[in-house]
Amino acid sequence: MLFFDAHLDLAWNGVDWNRDLKLEVADIREREKALNLKGKARGANTVSYPALRRGGVGLGIATLLARLHRSDQAPGFQVQGFNRYEDMAGAFGSARGQLAYYEALQEEGVLRLISTKGQLAEMARAWNGGVATAETPLGFILSMEGADPIIHPRQVESWWKWGLRVVGPAHYGISTYSHGTATPGGLMPLGPELLSEMRRVGMVLDVTHLADQAFDEALDKYDGPVLASHHNCRALVPDQRQLTDDQIRRLIQRGAVIGAAFDAWMLVPRWVRGKTTVEETGVALRHVADHIDHVCQVAGNCRHAALGTDLDGGFGAEQSPGDIETIADLPKLVVILKSRGYSVADIEQIAHGNWIRFFGEHLPD
Ligand SMILES: [Zn+2]
């Protein structure tokens, strides 16, 4: 089974976390232990290029992630040791560096950046036709998680030329353009202009991490293609980070695809980061299946549920489904969905078909 994972922070891991993702996951963990690196997710990562390949994750969305520090951001999100930039020039420089990381891996034949319909069709044929070999690069569409590296809305056009195809204006806290996770509020003053520019050049809007009011304002303002790259259901896990059923319905009306995230905090209720454990909650892939199933039930079909694992999003095995040792364990999800009565055709839609259809419609020629 081919998997399309709509949310991986590969460059953030490669550059900011200084991980050599060409190694096996076990070797990266050993290396971090040998270097005595302390902190969340160190020595416990679950994603590497060999693991993606073994799991059948041939296609996906890879992010640029370089957040701005703001004194008014949600408390608690700057104490994890993750980079926060003091000004937009720093965030811009970091994101451009992350893009250069992808270009270097493309040079080495590990990755290929997908920026057109034709490139997507070619990579989908390679990965889905059973002809992918050990030499076939992993294909990724470029997105930006939190638009702080876009120095001004006028710069959207430059980012488009550099290959960026999807933008999520917000991340945790308040970004330059919007209120995000854990901060109630709407778009910031430059948000509408950012969305206008995105629409003008053909950029897809990712609603993941938008605060509720910002979600409404963004969908009112922006009439182009929308997706939710890594987003679960508030009906199952009550928190503003998840989508309400009304939001899911609104996204479905817009033809969106919603990627199920594998972060334990978004899979089961009452998870407290750094405290709750995988063992005490029993968090597992069956919970991912619950969120997928909920989207399918709201939609009345399997055309909008998909995957956006976020498995390298600043957490590791300590905050992932217990039956995921590495991302190569993704095929276990197929077994679970089958046991719940999903047909192979439906599972193929969820695993890759919905994202390939979406981007086949919305990438440029
Ligand atoms: Zn995220």
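**Exercise 1. Determine which residues Thr63 contacts beyond its neighbours within four places in sequence, and describe its setting.**

Solution. The model under study is predicted.
Step 1. Once neighbours within four places in sequence are set aside, Thr63 is in contact with His7, Leu8, Asp9, Ala11, Gln98, Tyr102, Ser143 and Glu145.
Step 2. Thr63 itself belongs to strand 2, which covers residues 57-64.
Step 3. A residue counts as buried when its relative accessible area is under 20%. Thr63 has a relative accessibility of 0%, and therefore counts as buried.
Step 4. Along the chain, Thr63 and Leu10 are 53 residues apart, yet a distance of 6.8 Å separates their C-alpha atoms.

**Exercise 2. Locate Ser320 among the helices and strands, and decide whether it is buried or exposed.**

Solution. 
Step 1. Ser320 lies in a loop, which runs between strand 9 (305-307) and helix 13 (332-339).
Step 2. The relative accessible area of Ser320 is 0%, so this residue is buried.
Step 3. Residues up to four places away in sequence are not counted here; Ser320 then touches Thr46, Phe262, Ala264, Val278, Val283, Leu311 and Phe315.

**Exercise 3. Describe the second largest pocket by its volume, its lining residues and their classes.**

Solution. 
Step 1. The volume of the second largest pocket is about 150 Å³.
Step 2. Its lining is made up of Trp17, Asn18, Arg19, Asp20, Leu23, Ile28, Arg31, Glu32, Leu35, Leu37 and Arg42.
Step 3. Sorted by class, the lining of this pocket comprises five nonpolar, one polar and five charged residues.

**Exercise 4. Compare the radius of gyration of the protein with the value for a compact globule, and characterise the fold as a whole.**

Solution. 
Step 1. For 365 residues, a compact globule would have a radius of gyration near 21 Å. The protein has 19 Å, which agrees with that value.
Step 2. The C-alpha trace spans about 50 × 45 × 45 Å along the principal axes of the protein.
Step 3. The protein contains 14 helices and nine strands.
Step 4. Of the 365 residues, 60% count as buried.
Step 5. Consider the contacts between residues at least 6 apart in sequence: 74% of them join residues at least 24 apart.
Step 6. The protein exposes about 13600 Å², and carbon and sulfur atoms supply 50% of this area.

Conventions:
Residues are numbered from 1 along each chain as its sequence is written. This is a predicted model: local features need pLDDT of at least 70, side-chain atom pairs count only at pLDDT 80 or more; totals for chains, interfaces and linings use all residues. Side-chain values use heavy atoms; hydrogens and water are left out. On a 1 Å grid over the protein atoms alone, a cavity is a set of points where a 1.4 Å probe fits but cannot get out, and a pocket is an open set with protein on both sides within 12 Å along at least five of seven lines; lining residues have an atom within 4 Å of a point. Grid points are joined across faces, edges and corners, and a volume is the space filled by probe spheres set on the points. Ala, Val, Leu, Ile, Met, Phe, Trp, Tyr, Cys and Pro count as nonpolar, Asp, Glu, Lys and Arg as charged, and the others, Gly among them, as polar. Helices (H or I, at least four residues) and strands (E, at least two) are DSSP runs, numbered from the N terminus. The radius of gyration is taken over C-alpha atoms; the globule rule is 2.2 Å times the number of residues to the power 0.38. Buried means under 20% relative accessible area, exposed over 50%, partly exposed in between (1.4 Å probe, protein chains only). Contact means heavy atoms within 4.5 Å. Accessible areas come from the Shrake-Rupley method with a 1.4 Å probe; for residues, only the protein chains shown count as cover.
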